[in-house]
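Here is a short report for a first look.

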Amino acid sequence: MTVWDGVPGQATVIARLREMVRRPVHAYLFVGPPGVGKEEAARAFAASLMCAEGGCGECRECRTARSGRHPDLVELQRSGAAISVDQAREVIGVALRMPMQARRTVVILPDFHLVDEAAPALLKTLEEPPPTTVFVVLTDTVTPHLVTVASRCVEVAFGPLTPDQIVAALTGEGVDTEVATRVSRFAGGRLDRARRSLVDVGIEARHELWAAVPGRLDGTGATVAVVARELLGAVEESLEPLVSAQDGELSGLAELSKAGRSSPSKTEVQQRHKRELRRVRIEELRFGLATLAGAYRDRVVLAGAGGSPGSPGAPGSLVSPGPPRSRHSEAAALGAVRLIDEAAAKLDRNPNEALLLQDLLVRLSGMV
Ligand SMILES: [Zn+2]
């Protein structure tokens, strides 16, 4: 057993981190999408830095750090939408003090892409913490206001997990192998998404809806309108479990205030709900666009293999061997993938989602 057990996949990253434990620097930036093991790896890395053996997995430092209960391990818990200046000050206070029990103090800063005006406050301490303090900063992407922070850290990139790694992680949590294998197809390399898929009954149908789009587009605006409406409807449908959870939270809040107990303000909670909904909606659109790009990529692969992309209702499945597709259609499919990637990149910039999707479908409809 080692302290790295329980970190899903990421063998290359783990090997690199184990090497780094020997001569640690003052700050690391773990970059990668959610659900690929950044948090688990950060705690294991913290344990390794605190353990006298460099991460034996057995001692008190290792065990308490792995479970997040070590007095010299601080994980910033974001309460609002972004990391606030007050929270940043609190972190600085901890970072500046000497470790109480272990060899080092380790400060883990999750969701750092959400740090806003607090970034400058943290920068100085991140640059020159006491020699016993190590920062582990976690972020989904290096946003423009993180470039300076990134330049002060050693960057460690986390890629998506393979379906096999997702299956291994889920079966390790007691999920049936067959179920784990099925949801790993929709996970896009992310364990958090795979876990959610376990309770998301509609995900398979949504996956198929997006995958069927290339076969449905016929060059007419009328079809584009129908397809866009269906896709956006499916995105809204995927939000229903979250909406009902939010409704539940609001009524719980009303009960609390009726009973005269202290509770966060309703406006605050509603604002957070709005942000949560937007985040999940964007994520669902991203999932859809990735599925769509995958469907076009399948066409390229099949064209190369001389097969047919399948019937319009089931793209990606090899129902009957057809004539080899022309170079023209292969180039068109690659062009389509490029357009989809561009649209996905625009999702970060707060676009009108319906217009973005419609515009994309019009272009795709015109080229394939
Ligand atoms: Zn240990």
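Helix H2 (residues 38-50) lies across E1, E2, strand E3 (105-109) and E4. Its direction is at about 170° to E4. Helix H4 (residues 85-96) lies across E2, E3 and E4.

| Helix | Residues | Angle |
|---|---|---|
| H2 | 38-50 | about 170° to E4 |
| H4 | 85-96 | about 160° to E3 |

Axes are lines fitted to C-alpha atoms, for helices over the stretch in contact, and angles run from 0 to 180 degrees between N-to-C directions. Contact means C-beta atoms, placed from the backbone, within 7 Å. Helices (H or I, at least four residues) and strands (E, at least two) are DSSP runs, numbered from the N terminus.

This is a predicted model: local features need pLDDT of at least 70, side-chain atom pairs count only at pLDDT 80 or more, and totals for chains, interfaces and linings use all residues. Residues are numbered from 1 along each chain as its sequence is written.

Now the sheet. Five strands form an open sheet, ordered E2-E3-E4-E1-E5, with parallel pairing. Strands pair if DSSP finds at least two bridges between them. Strand E2 (73-75) and strand E5 (154-157) stand at the edges with a single partner strand each, so one side of each has no neighbour in the sheet. From one strand to the next, the twist averages 15°.

Strand E1 (residues 27-31) runs parallel to strand E4 (residues 133-139), and five bridges join them. Tyr28 stands opposite Val136 in E4.

Overall, the protein has 16 helices and five strands. Its C-alpha trace spans about 70 × 55 × 40 Å along the principal axes.

Key: Contact = placed C-beta atoms within 7 Å.
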